[in-house]
Amino acid sequence: MNKNKEVLMAEYDTATSVFTKIYEVIDINYAPYILKSFYIEDDINDTSFRTNLSEWFKGRGIPAWRDKLDLLLHRLNLTAPYELLDKAFGLSLSDQYWLKPYESDISYDDINFFDNDFDYVEFMDASLSTNSKTITKESSLKTPNNTTDGMLKKAWIIDNGIRYLLKGGYKNETLQPFNEVLASEICKRLGFNHVEYTLDTYKDMVVSKCPCFITKDTELVTCYQIKYDIKRHDGIEDYEEYIKKLEDNEIENAREKVENMYILDFLIMNEDRHLNNFGIIRDVNTLKWLDVAPIFDNGQSLNIEYYDEDELHISGRGRMFYEVKPFDEIIKVVKNIKRINISKLDGVVEWFDDLLHQYQHLTGYSDTRINRLCVLLNRQINKLKELISRDN
Ligand SMILES: Nc1ncnc2c1ncn2[C@@H]1O[C@H](COP(=O)(O)OP(=O)(O)O)[C@@H](O)[C@H]1O
Ligand SMILES: [Mg+2]
């Protein structure tokens, strides 16, 4: 199902999380975007289509590379993340797909997590805490936490009726939340459409907190899904074809909005702009492409992996579609860099310096490390200033 629309009818084997037979495709247009590229009208049981359906569904679960997955599964009393998919119809807070058992009269309105509250406390504890117990309540497994992607430990919570995603750091690294908040500050100052991340603490651990940017009427379609629609070139052409696809679907100022993401990546040296970390928002009722998704997931930045107390490391490589390239190369995609009002970033380095010092008692960052982070940020801002003043 896609919200209230029937997409297809199939046999699903819960033991292996595989779709074993497809009986009918009711409306392929409402299927997850990725599946359209594999659909053959005359052969609905084509192996490639069925395999991709299974892969897509399994991919809704927590990925095998989630930080501390073994511990989380132990605490949840499970052996594999896909077991969670059976607990709450595969529902998510990033789209409206779900599995409706044949002949059941369950309605989307009664079960979706946008309207219906969920019991998140035990899962949050199991996911984020260093000393959690195993869960005790079956209701703790009926949450949108069953369907989150990404490497970082995370949990959906409800605060004052609003759904928020909490994200921790990777392993013992705690810089991710600060980078997310820095990214929000930069985007706010430069007027880039972004997801607003704030800092929060959970049992002495610093986490980032952002509101859900999807509503009951929308879904996130990541570039990873759209790429199957586009010929692959392994070059700048991939970017251009993606922009064209967005423009063909009448997204306003698509090019500038995607450029903004690469400008942010340049400023904070984000190394992780892979194809699932950006995309578009689609209306699930009309299927219209509404907008470029607000910029999200900016934590893997400021040389997070290469910190060395003795030496300032500058990796300087980001991602652009299938390529890993120096940021100085990636920034060249921006057609008119003069449109950026860089003076809006005046004082942002000092602001970040203050923020890092405020949390020093929790992060344990040395003054040297804080200084290095600020040096890197300052360096990138100055580089961008230079590009703006040079470009005529
Ligand atoms: N605020 C949000 N609202 C809705 N969906 C979100 C939100 N933030 C993240 N997601 C979804 O969750 C996935 C994982 O989140 P992300 O921030 O990318 O985590 P990670 O850093 O572990 O990759 C995203 O790819 C996206 O599908
Ligand atoms: Mg991500």
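## Burial and surface

Of the 392 residues in the protein, 54% are buried. The model is a predicted one. The protein has an accessible surface of about 17900 Å². Carbon and sulfur atoms account for 46% of that surface.

## Overall form

The protein contains 13 helices and eleven strands. Its C-alpha trace spans about 65 × 50 × 35 Å along the principal axes.

The radius of gyration of the protein is 22 Å. A compact globule with 392 residues would have a value near 21 Å, so the two agree.

Take the contacts between residues at least 6 apart in sequence: 68% of them join residues at least 24 apart.

## Charges

The protein carries 49 positive and 68 negative charges. The mean position of the positive charges and that of the negative charges are 2 Å apart.

A disulfide is a covalent bond between the sulfur atoms of two cysteines. The structure holds zero disulfides. Cysteine 223 is one residue that is in no disulfide. For cysteine 223, the nearest cysteine sulfur belongs to cysteine 187 and is 18 Å away. Cysteine 223 is also buried, because its relative accessible area is 1%, and the cut-off for buried is under 20%.

A disulfide needs the two sulfur atoms within 2.5 Å. Cysteine 374 counts as buried because its relative accessibility is 7%.

## Two residues with positive phi

Leucine 287 is not a glycine, yet it has a positive phi of about 70°. Where does leucine 287 lie? Leucine 287 is in the loop between strand 8 (279-283) and strand 9 (289-292). Is leucine 287 buried or exposed? Leucine 287 counts as buried, because its relative accessibility is 18% and buried means under 20%.

Asparagine 303 is not a glycine either, and its phi is positive, at about 55°. Asparagine 303 sits in the loop between strand 9 and strand 10 (317-320). With a relative accessibility of 3%, asparagine 303 therefore counts as buried.

Note on methods. Residues numbered from 1 in each chain as written. Chains lettered and ligands numbered in written order. Predicted model: local features only at pLDDT ≥ 70, side-chain atom pairs only at ≥ 80, totals over all residues. Heavy atoms only, no water. Helix = DSSP H or I, 4+ residues; strand = E, 2+ residues; numbered from the N terminus. Rg over C-alpha atoms; globule rule 2.2 N^0.38 Å. Buried < 20%, exposed > 50% of the residue type's maximum accessible area, 1.4 Å probe, protein only. Contact = heavy atoms within 4.5 Å. Areas by Shrake-Rupley, 256 points an atom, 1.4 Å probe, with all protein chains shown as cover. Lys, Arg positive; Asp, Glu negative; His and termini not counted. Charge placed at Lys NZ, Arg CZ, Asp CG, Glu CD.
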